[in-house]
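Good morning, and thank you for coming. Please look at the sequence and the model on the screen.

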Amino acid sequence: MKLRNLLKSSCFVLLCFFVLPALAQNKSITGKVTDSKDGSPLPGVSITVKGTSIGTNTDTNGAFTLSVPATASTLVVTYVGYNKQEIAITGAPLTIKLEANATALNEVIVVGVGYGTQRKKDVTGAVSNVASKDFNQGVVINPVSQIQGKVAGLVITQGGGDPNTSATIRLRGQTSISGNQSPLFVVDGIALDDPGQFQNIPPGDIDSYDILKDASATAIYGSRGANGVIIVNTKKGRAGKATVDYNGYAGIEKQSKYYDLLSTSEYKQAISTFSNAATFDKGGNTDWQKAVSRTAHTESNNVAISGGTNGFSYRASVNYQDQQGVILNSDKKQLGLRFNAEQKALDNKLDINVGISNVATTRKTIDYNIFEYIFNSPPTYPVKNADGSYYAFTDFAQANAVSHLERPYNQTYEYLTLINGSVDYSLLPSLKVGVTGSTSRNNVQTHSFYPVFDVENNVNSATDNNYNTNSYKGNIHINYNKSFNKHSVSATAVYEYNDFINSNFGANGQQYLVPENLDNNLGGGNALFNTINSYKEEYKIISFLGRVNYNYDGRFYVTASFRRDGSSKFGANHTWGNFPSVDVAFRLKRDLLNNVDWINDLKLRAGFGIVGNSDAIGPYSSIVLYGPTGKYYDKSNASFPYPNSYAPAQNANPDLRWEERHGKNIGIDFSLFNDRLSGDINYYSDNTKNLLYDYTVPTPPFIYSSIKANVGTLSNKGLEIALTGQAVRGENLNWTVSGQITFSKTRITNLSGTYAGYQLTATQIPLGYAQGRGLSSTPLTYLKPGYSPFEFYLPHYTGVDASGNQLFDGKTVAQYTAAGSSPPSYYIDPSPKFNYGVSNNFTYHSWSLSFFLRGVYGQKIFNNTLLDYETITRLPGNNVTKEALTNGVKDGPVQSDRWLEGASYLRLDNASLGYNFKNVKGFSNFRVYLAGNNLFVITKYRGIDPEVTVADNNQSYIDSSYGGSGYYPKTRSFIIGANITLK
Amino acid sequence: MKKNLLKAFLVLLMTATLLPACTKLDKNVYNQVIEPNFFKTPAQIAAALAPAYNPLTQFPANNVFQLNEVSSDEMIVPTRGNDWYDGGKWQALWTHAFRPDIDNVNGGWSDISNGITKCNFVLNLLNTLQTKPANSDQIAAEIKVLRAFYFFEFMDIYGNVPIVSDYNTDPAKVVTVPRKDVYAFIEGELTTNVPLLADKSDATYGHMNKWGGYMLLAKLYLNAQVYTGTAQWTKAADAADMVIKSGKYSLQPNFLDNFIVNNENSVENIFVVPFDNINIPNNSIEMYTLNYNNISTYNLTSQPYNGFCAPTAFYRSFTATDARTKMWAIGQQYSSAGAPLTDPATQLKVIFSPYVKELSNPADSFKFAGARSIKYAPQAGTAGNTSNDGVIFRLADAYMMKAEAEIRAGSPGDALTLVNAIRTRAGVPLWTSADLTMPNLLAERGREFAWEGWRRNDLIRFEVADGIKYFTGLRNPAKPQDADTHTFIFPVPSPQLISNPKLVQNPGYGQ
């Protein structure tokens, strides 16, 4: 109700904005900004009229033109790394020389810290930020890949090249053993309901990321801060002449690597010893891996118009991306609109902000079973018959992969609408109050139709689903800012209300007479099989939070924050939780290090905080609910013989509470050698308590055999180092190197505890299982106290015996079985020792060259795909790898460390070469570039790519292509792009 | 300045007034229901009683069935190539190398205890209902007898198990109870409650009626020697006779009609688990046993898994003229149109051989080893989850139990008549009283109840009563003789020992 009114008034204000600009009278001024030291032009310098938000940026030649009100007298000139200047407006063209700032790198960067911003030099927690100029170049599947490998402590894994899968994101290691561990995304101050929604934010609209890493920094997000917080700032307009920007690229992608399967001739040769070899020759010559792959087209276009005047500024943008997948019939198309506006009024005391975005995404998704078919299908089978129809064949998990890609219809439409507005008013120069309101509506519609395949005997079926994930959020906030003598105090207090409502409607049917109708006539099949389903759920989070920052003379800092969160998910005993934090920091340059010339700035930090996570808990986990538990047969009721039975839906746990991460962080930020080398180092040691896990409990008396309970602890320790160096800083040539390295270690420390006085214990819980024929009930990874999550427990492969049977510590499985034992197994930690990334940027006159190397060291991946398919016994009916013919192993697949392959890698993630055309008439900026992604990867891993999903589910670190799991191949891409700004 | 202060004061006042109203964290429930709003109409009460039966749907084809069958001589799951190796669990069941970490061992425990806990829930609910249904005493008796069936399976498979009969039991007080005490508990529950049960009717189809109750009592007494060391043959015969003399059931003239897709009209079946392809899933025997290529024999919609089959000796115990032999799919397999099937992966003809000579064999031909069961007729248009109701008790078992108990009790009575009624229906030569030996009876039970989940129970009972190693002895292929008889019961599963440290592992098993 409150929200609706707010939105109405925001819209009204918005309308006014378009009328106001017409009223002003202006004069035009021009000028040029250069470096005071070498006289080189400075592009992108901010020029604003003092006391207003009217302004512009200099072009690539350092020149600017600005239309200012007739009354304007002073310009304010600011630029990152340079001292601010105020220049009187004389009427003549201005020549402005800027001096480089002493503590350049951190001085003027403003970073979001949650419910406010701070200058980077004043930040006391572990916070990293990445601006758009440092984003990864090239094709961007998921916007977060813009910063993949760039931030120490932030590990982003894009397992495969499917444009429709999201990346897994882990900030400072694994934080939970159930539930989502992705950081909280906050876009323009509004937290996204689901981190997965972030992949629907158009990458071209993003201006910068601020990554809150340690518990003291994320404590301001309280119960949602345990996984870290990524604050995303979208591009905003600024007052001045309207500018039009175009950013776009187009290019191609190809599958980066293939498994080494037998070719048709090799396969024929390999099966020639079988008496029935000839019967497998169906006249085909098919490389099934290549048959399903293609050269994919990709393009991205972003057009933005921005400008404003007299306290009004706006930016509107349109985005269109089309990204084909390299596997047939997979595709992602996205059309996005975004509008941001700000109006200042009443002597700049009133500040109104509005943001609206709508993104429509259309996805074509594929059946991952085809990744098994391509290994199973003999290369002697053709894709198509002579008449152009698909060659149909079937056997266990074997079918024509191409027809299974091209014939089914799988379309998903996603509509994400985010609307936010805020009104702030300065009651006093030091005191500001405001309200914020936002709504997020995410509508996902899936449409699918599965046709009849010849010889497979299946029936056709169609399914539609409609999911809504909506939220309504609002806050009331007060900000206080005061400096007296050398003391500065700022304080923020917020009341926040969040309401989340999720619902679904779905229907499906089968046996349709007219397959061409797809899913458009769902009721037209066999009515007996029509099913419908729906659900709806809701939960609320209410919060009170506050933060106080104090600093003495920019030398000594203290920050303290406190958040109290209440969530309707929890039982009466633990509805509310408290999340405090405190930080201290010293900047030593002006005291101890005053005389040390080579140190320009040095800050020591230490912080402590408590943050929470409640993602693993459903909205109603704490209470007894009755729901349908399957149908039953009532023979005496002819009209309704199969009613639903009702029973409790779960073991309710009224004691459920937040997982709590208690984090300690110490860090150092520095800038050395005349600011040529800067960076930061953080060490953290966190303990997560009250881990949520589904514990096995005895039935009876429990009604279900598992209960979600807060039991157990885990620890995260890590060291993060980030460095940026200006290797060459010359008149024409500049070379910047930056890099980061991340060490992190997660250990399950305890999995035992009590529920309502009852002892809950878990000593060794199987997590990941081997996939493959005859490999059911074969656990590979375990959760075990004292070990890393996903610890492998495997027999040790020692070779083969004379008849080709695999040996484990010298004996075959049959020998162990005969002796009533099984091969001894050993614990192996698959997690990486460290992750790293190094980027190099060169500029020479108008040329720019950058490349970014990214890697992981010490990781191991279980190559379940080769376990299944590098087996000679698969012949003649299924294809095998070349290695299977020569490795001397003659028996079937057995899980062992033979398949746990080293998966350290170094990847040339992206490289780009750009040229800036200067003085092009009509353009203030005209840059074209070539870029490539995944240009090479150095690894011993024998799968398609060592970057597999390693943290999203129980099958982490297991790379399999069986029964619906599969590795969508990584791609290599080349694009040509342009960044253009119209004058 | 003053104006500003006033404004600030007003804002603070407003905030302070609004806040208390904004701290409510109600739970709004939409598609489920909280307890006070439920169990009001008779239909809602019926829906609340049904969960006691739902766990039964796991019994006829899944864990409980597999433990009872693969450990016996009538079913084997050989490793074909690497298929069905599955961590060696099927081989372990066959060779009696039972381990507490085999997932079926835990699955069986979970399925059974799920039934017990749901019964306890329903009984507790009945007690707390504001307005009780008119026949609430009979409902309570029915649920108690059903629970006794779950306890019977629990005790039969795991021996020493906890008895929890109150929904509100403190979990910390759940302990292992010796098998004979579990027996006594079940006996008490049955003798008290079975007489209260409803008679046969459409309304009790799929429910525990009075005759299902007596069948259970007969089973309990028949195996009393195994459970307690003291035989109860006469009581077993009497309980079985209650069913026979009730006259409510008769032998289905055509044996296999008890197992057809629409077998709800069988005149012989007493206690069944209703299944329905659309509404009640879990009867998927057709998928476990048939070969991939049988998809076209029976017009299934996906490929069966080519697993369970009959050991050679067991298949050979059927004569060609026996009507019950029709339960086996053997020899060349055909498409529904009558074309002989060829396997695309091996290009071999799909010919089921009766020979299962090894427990594991990578040869392509071994994919077709062993006779497959089509006792429960495969259902066209399905991929598992068939509509054949799962049979737990049928009249033929009353005949056979009574006959066996009478003979063992030393007063054969009508035993020969009962057994010959079975043999007549099967179309095999009648027996004379000289034929009525224990080995013959066991073999007859094998043919009559093959793959109905009773074989392990039968073998152990005959071994205990007659001292012949039917269950623990050597078996082809590859099963050595068990070291001792600890394999009569399965181990307590590891996850259960972890979740309740008060449970005691059965003798002869590790953790």
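This is a predicted model: local features need pLDDT of at least 70, side-chain atom pairs count only at pLDDT 80 or more; totals for chains, interfaces and linings use all residues.

Residues are numbered from 1 along each chain as its sequence is written, chains are lettered from A and ligands numbered from 1 in the order in which they are written, and side-chain values use heavy atoms, leaving out hydrogens and water.

Tyr450(A) belongs to strand 25 (residues 431-450) of chain A; helices (H or I, at least four residues) and strands (E, at least two) are DSSP runs, numbered from the N terminus. Between Tyr450(A) and Asn460(A) there are 5.4 Å in space, C-alpha to C-alpha, and they are 10 residues apart in sequence. Not counting residues up to four places away in sequence, Tyr450(A) touches several residues, among them His404(A) and Pro408(A); contact means heavy atoms within 4.5 Å.

Now to chain B. How are two packed helices described? By the angle between their axes and the distance between the axes. The axes of helix 3 (residues 63-70) and helix 6 (residues 136-158) of chain B come within 12 Å and cross at roughly 40°. Axes are lines fitted to C-alpha atoms, for helices over the stretch in contact, with angles from 0 to 180 degrees between N-to-C directions. Val64(B), Leu67(B) and Asn68(B) of helix 3 make the contact with Glu153(B), Asp156(B), Ile157(B) and Tyr158(B) of helix 6. By class, this contact has four nonpolar, one polar and two charged residues; Ala, Val, Leu, Ile, Met, Phe, Trp, Tyr, Cys and Pro count as nonpolar, Asp, Glu, Lys and Arg as charged, and the others, Gly among them, as polar.
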